[in-house]
Each structure stands twice: as C-alpha cells, then as structure tokens.
Amino acid sequence: MRFQVKTGKPEKQRSKVAVVPVFESGILGTTAKAIDKLCGKAISSLIKAGDITGKSGEMLLLTETGDMPTGRVLLVGCGKKDEFDRQQFRKAVQAICATLAKKPYTDALIYLAADGITNAGAYRAARIIAETWHHQTYKFQLPGQAAGKP
C-alpha cells in the first residue's frame, strides 16, 4: 500500500475521487469552497436543497464534477467546524475508508485536514488516515491458503 502527501490547488490534483468535508449548517472550508466553484456550485446547491447538512456521518457522492479533475466528489458530514478535533477526524476517516473500500477506486484525495484539525497536525492526520485504511482493508490469510478462499 502506498500513501502520498501532496500539496497544491484542487484544480491541479488528479484522482478517481476527492473527499470533501461539509460542516454542520452547510459550512464549507476554504478548499471545499474552491472545489464547489470548480463543480459549478453543485455542493452549495445540494446544501441549499437539504441533501447534505454536514451532520457527522453523512455522505453524498457527486458524479457530475464540472471542471474538477476527479471522476467523483464524496461529500462527508463532519459535524460542527469548531469542534472538529482529532476524535471527530478519526470518526470521519473511518466512515470514508469503509465506504471507499467497497468501491472500485484506485486512489483518492482526502481534503478533510485542509483547514486544520484541533489538537492534530498534518503528520497526525496523515498517520490516522494510513492506520485507518490499513485497519479497514486488512484481511487475515492462513499460511499456505490461496487468496479469496475461506
């Protein structure tokens, strides 16, 4: 498994899916606003329509991404913005990893930490993502047992 940390503007990043946080009351962070603009304000429209409110655990997959260079945008409800700490971040990442593990995507851009996390820096955020992905996708296999056989 390979993890990469990249920096740059969303319009320059290529991926199968971009994971974007939406906070309660439809609040978008700086990066999410930029992605919304690239998507032709589709995220704002969905928030106004009530399709996603930003409550913790909510998820909504966008397939029409406008000028965003990703095939999909996964919106993730993260709860109250001022309460988005390491514990809330971990819960959101667990839900994201569980969802992405069931999909055929080979890569993903996760923008959850772009606007900062209370009591966690970039290193801790990256480590939480890597550990959670490994935990969600690990499958024990007995020695000598062929892959896919029970």
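This is a predicted model: local features need pLDDT of at least 70, side-chain atom pairs count only at pLDDT 80 or more; totals for chains, interfaces and linings use all residues.
Let me start where helix H1 meets helix H2. On the H1 side the residues are Ala32, Ile35 and Asp36, and on the H2 side they are Ala42, Ile43 and Ser44. Sorted by class, this contact has four nonpolar residues, one polar and one charged.

How do the two helices lie relative to each other? H1 covers residues 30-38 and H2 covers residues 42-49; their axes come within 6 Å and cross at roughly 100°. Angles from 65 to 115 degrees count as roughly perpendicular, and therefore H1 and H2 are roughly perpendicular to each other.

While we are on H1, look at threonine 31, which has its place in that helix. Is threonine 31 buried or exposed? Its relative accessibility is 18%, so threonine 31 counts as buried; the cut-off for buried is under 20%. If we leave aside neighbours within four places in sequence, threonine 31 is in contact with Pro10, Tyr111, Ala114 and Asp115.

Next, the aromatic rings. The count of aromatic pairs comes to two. In one of them, phenylalanine 23 and phenylalanine 84, the ring centres are 5.4 Å apart and the planes are at 75°, so this pair is edge-to-face. Where do these two residues sit in the chain? Phenylalanine 23 is in the loop between strand S1 (15-22) and H1, while phenylalanine 84 is in the loop between strand S3 (70-77) and helix H3 (86-101). The pair therefore ties together parts that are 61 residues apart in sequence. Phenylalanine 23 counts as buried, at 2% relative accessibility, and phenylalanine 84 also counts as buried, at 2%.

Phenylalanine 84 pairs with phenylalanine 89 as well: that pair is edge-to-face, 6.1 Å centre to centre, with 75° between the planes. Phenylalanine 89 has 1% relative accessibility and so counts as buried. Put together, Phe23, Phe84 and Phe89 form one aromatic cluster.

What surrounds phenylalanine 89, leaving aside its neighbours within four places in sequence? The contacts are Phe84, Leu112, Ala113, Ile117, Ala125, Ile128 and Ile129.

In soluble globular proteins, nonpolar side chains tend to be buried together. Here the largest nonpolar core has 20 residues, and those that touch the most other members are Val19, Val76, Cys78, Phe84, Phe89, Leu100 and Leu112. Which elements give two or more residues to this core? They are S1, S3, H3 and H4. H3 supplies the largest share, six residues. Another core lies apart from this one; it has 18 residues, including Val20, Leu28, Cys39 and Met68.

Last, one glycine. Glycine 116 is in the loop between strand S4 (108-110) and helix H4 (122-137). With a relative accessible area of 41%, glycine 116 is partly exposed, because that label covers values between 20% and 50%. Between glycine 116 and aspartate 85 there are 31 residues of separation in sequence, and 8.8 Å in space from C-alpha to C-alpha.

Technical notes
Residues are numbered from 1 along each chain as its sequence is written. Side-chain values use heavy atoms; hydrogens and water are left out. Axes are lines fitted to C-alpha atoms, for helices over the stretch in contact, and angles run from 0 to 180 degrees between N-to-C directions. Helices (H or I, at least four residues) and strands (E, at least two) are DSSP runs, numbered from the N terminus. Angles under 35 degrees count as roughly parallel, over 145 as roughly antiparallel, 65 to 115 as roughly perpendicular and the rest as oblique. Contact means heavy atoms within 4.5 Å. Ala, Val, Leu, Ile, Met, Phe, Trp, Tyr, Cys and Pro count as nonpolar, Asp, Glu, Lys and Arg as charged, and the others, Gly among them, as polar. Rings of Phe, Tyr and Trp (its six-membered ring) pair if their centres lie within 6.5 Å; planes under 30 degrees apart count as stacked, over 60 as edge-to-face and the rest as tilted. Buried means under 20% relative accessible area, exposed over 50%, partly exposed in between (1.4 Å probe, protein chains only). A nonpolar core is a set of buried Ala, Val, Leu, Ile, Met, Phe, Trp, Tyr and Cys residues joined through side-chain atoms within 4.5 Å.
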